[in-house]
Structures are given as structure tokens and as C-alpha cells.
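User: I have a two-chain model open and would like to go through it with you. Could you take me through the strands and helices, and then the place where the chains touch?

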Amino acid sequence: MAAAAKQIQLLARQLFKLSVVDGVVSPDRVAGVLQYIEKSAPAHSVLALKAYRRLIATELAKCEALVEHAGAVTAPALGAIATSMTKKYGRTITTTTRANPKLLAGLRVRVGDDIYESSVSSQLATLSVSV
Amino acid sequence: MSLLLATTDASSKLHALQTQFGIEGKYLLMQVISFSILAFVLYRFFFKPVLATVDDRTRKIDAGLKYAEEMKAQLASTQQQTEAALKEAQQKAQVIVAEAQKASKEFSDKQQKEAIERSASLIAKAQEAIELEKKKMLAEARTEIARLVVATTERVLAKKLTDADRAGYNESAARELAGV
């Protein structure tokens, strides 16, 4: 059982390495990997695909900056944030936006497990803790 | 001559006396012998046992007196020993009583000291608990006040902030985050 799980993780990591080109997940490589699995149907293919999907999702999350905002945010501002994050992490970071009225005003940027925030709600929370 | 005459005179007087009182030498000798026999018999069969009995009783009386004296001396000695023992026992009893009183006083002092220490500790703990409770209440009150202030501020800002205000704040936040 443990040996099978280890084998599945090893296969998923190998497929993931094949899917990354220059530190970026390549859609073409991913399509090729999926075709290979569909044709060859290795043992425990479903479990291997789940592990592969988790690795790809983690890698894509590392390359994506989720920008939560309250109020309008301009494209140049998003571009500046993407540029800054790309420079900081050393890989291409793209931005996606999502409205979050709880912020009241300001932005919250999430890259992987890292969170950067400059919002009214965070300042109020800081004020509440410091009192 | 005169001496011879005097001796003859004395002898005649003695003869006259014997004749006058009827003293016969042979009777006198027989009486002496019978008296000696009587004296011997009396001594042998009467006085000797009586004297032995008297001596025995005398010895017994002496022994009794001696025993009484010894008993008296022993009684006196016993009384002295008893008095000494009583005196010693009294002294020991006094020592024991004194030690008991001392131990009782020490125990009482120790108990009193421990009670004072316990009460002081309880008072200190109570004061500490009161202080902690006070600090806790103040902290809770401060936290609650801060929460109310923040909640009120959020509500006010949510109503009062315009889209332009939010856009301006977002631009500022973007510049801040881009400079991270």
C-alpha cells in the first residue's frame, strides 16, 4: 500500500517535471502528458492524475496573484503589482481580481501562501489589536 | 601456859555448844550428803531444763528483738527509699510537665505562625486574583470598546466612502504593494 502510494507520487512528480518549461507550466506539455496517460493507462492512473493535478494547481497558484479589492482598481495598478511580484519571486506572475467589499477600501494580494494587504479593514484590525 | 589454857577453854565451849544444841557430827554429815544429792537431782532434772528453756526463750526474745530492730531499720530504710523515689518521681514529673508545657507552647506558637503565614498567603493570593481579575476585566473592556469602535467605524466608512474614495485608496494601495 505504502509502496503503491510512493510509486504514484513518483509518477506524478515525473509528469509534472515534464509539464514545466523554464519555470512555467506549459499548456502544450500538459496536453501531451494527458494524452500519454490516456493512451498508456499506467497503473493507478486516476490517483496519479489527482496527484499531478494537485502539483499543477500548486504551481499555477505560485504564478498567480489573486488581487482582492473593494472599489475600482485600474489596469495599470494591476500591472504594477504583477511586475513587482514577478520581480520579487523571480517568475512570471499574472493577476486575477476578485471583489471583496469587506476590505472597505484597498487591496489584498495573495501569491501562493503569501498575503500582502493594504486596506482599511486591515488597518482597523491593526488598530483594534493595538488598543 | 595461858595459851594452852585458852585453847582448852575454847574446846570446852564448842563441846558445850554441841551438846546444848544437839549437833551430831554424823547427822550433820548425812544431812550434807542428802542435801548434795537433792541439790544434784534438782539441778539435773529441774533447774537445768528450766534454765535451758529460759535460755531458749531468751534467745528467741533476743532474736525477735533483733528482728524487730532490723525490721525497724529496714522500714526506716524503705521509708527513706520511698521518700527518695517519691522525690525523684516528683522531680521527673516536674521535668516532664515543664517539657510538656514547653512543647505545648512551641506547638502553639508554630500553629499560630503557620496560621498567620497561611492567612497572609491567602490574602496575597486573593489580592493577586483580584488584581488579575481587574486586569482581565480592563482588557476585556478595552477589547470590547475597540471592537465596537472598529465595527462602528467600518459601518460608517462602508456608508460614507464613495467609489472615488475607494479608487483613490486602491491606487495608493497598489503603489504601496508594488513597492514591497
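This is a predicted model: local features need pLDDT of at least 70, side-chain atom pairs count only at pLDDT 80 or more; totals for chains, interfaces and linings use all residues.

User: What does A:Gly112 do in the hairpin of S5(A) and S6(A)?

Analyst: The hairpin has two residues between the strands, and A:Gly112 takes a positive phi there, near 60 degrees.

User: In what order do the four strands of the open sheet come?

Analyst: The order is S4-S3-S5-S6 in chain A, and the pairing in this open sheet is mixed. Strand S4 (94-99) and S6 of chain A are the edge strands, each of them pairing on one side only. From one strand to the next, the twist averages 20 degrees.

User: In which sense do S3(A) and S4(A) pair, parallel or antiparallel?

Analyst: S3(A) and S4(A) pair in the parallel sense over six bridges, and one of the facing pairs has A:Leu66 opposite A:Thr96 in S4(A). In another, the bridge partner of A:His69 in S4(A) is A:Ala99; A:His69 and A:Ala99 lie 30 residues apart in sequence, yet their C-alpha atoms are 5.0 Å apart in space.

User: Staying with A:His69, where is its place, and why does it count as buried?

Analyst: A:His69 has its place in strand S3 of chain A. It counts as buried because 26 other C-beta atoms lie within 10 Å, and the cut-off for a buried residue is 20 or more. As for the strand itself, S3(A) is mostly covered, with five of its seven residues buried.

User: Which residues is A:His69 in contact with, leaving aside its neighbours within four places in sequence?

Analyst: With those neighbours left aside, A:His69 is in contact with A:Thr97, A:Ala99, A:Asn100, A:Leu103 and A:Leu107, and also with B:Asn170 from the other chain.

User: That brings us to chain B. How many residues are in contact between chain A and chain B?

Analyst: On the chain A side 25 residues are in contact with 22 residues of chain B. The elements of chain A that give two or more residues to that side are strand S3 (64-70), helix H4 (75-89), strand S5 (106-111), strand S6 (114-119) and helix H5 (120-130). By class, the side of chain A that touches chain B has 15 nonpolar residues, nine polar ones and one charged one.

User: And what lies across S3, S5 and S6 of chain A?

Analyst: That is helix H3 of chain B, residues 163-178, which lies across those three strands and runs at about 40 degrees to S5(A).

User: How do the axes of H4(A) and H3(B) cross?

Analyst: The axes of H4(A) and H3(B) come within 8 Å and cross at roughly 15 degrees. That angle makes H4(A) roughly parallel to H3(B), since angles under 35 degrees count as roughly parallel. The crossing of H4(A) and H3(B) is left-handed.

User: Which residues make the contact of H4(A) and H3(B)?

Analyst: H4(A) contributes A:Ala77, A:Ala80, A:Ile81 and A:Ser84, while H3(B) contributes B:Asn170, B:Glu171, B:Ala174, B:Leu177 and B:Ala178. Sorted by class, the contact of H4(A) with H3(B) has six nonpolar, two polar and one charged residues.

User: One last item: at what angle do helix H1 and helix H2 of chain A cross?

Analyst: The axes of helix H1 (residues 2-19) and helix H2 (residues 27-40) of chain A cross at roughly 145 degrees and come within 8 Å. A:Leu15, A:Leu18 and A:Ser19 of H1(A) make the contact with A:Arg29, A:Val30 and A:Val33 of H2(A), and the residues of this contact divide into four nonpolar, one polar and one charged.

Technical notes: Residues are numbered from 1 along each chain as its sequence is written. Chains are lettered from A and ligands numbered from 1 in the order in which they are written. Two residues are in contact if their C-beta atoms, placed from the backbone, lie within 7 Å. Ala, Val, Leu, Ile, Met, Phe, Trp, Tyr, Cys and Pro count as nonpolar, Asp, Glu, Lys and Arg as charged, and the others, Gly among them, as polar. Two strands pair if DSSP finds at least two bridges between them. Axes are lines fitted to C-alpha atoms, for helices over the stretch in contact, and angles run from 0 to 180 degrees between N-to-C directions. Angles under 35 degrees count as roughly parallel, over 145 as roughly antiparallel, 65 to 115 as roughly perpendicular and the rest as oblique. A crossing is left-handed if the near helix is turned anticlockwise from the far one by less than a right angle, and right-handed if clockwise. A residue is buried if 20 or more other C-beta atoms lie within 10 Å of its own, exposed if 12 or fewer, and partly exposed in between; C-beta atoms are placed from the backbone.
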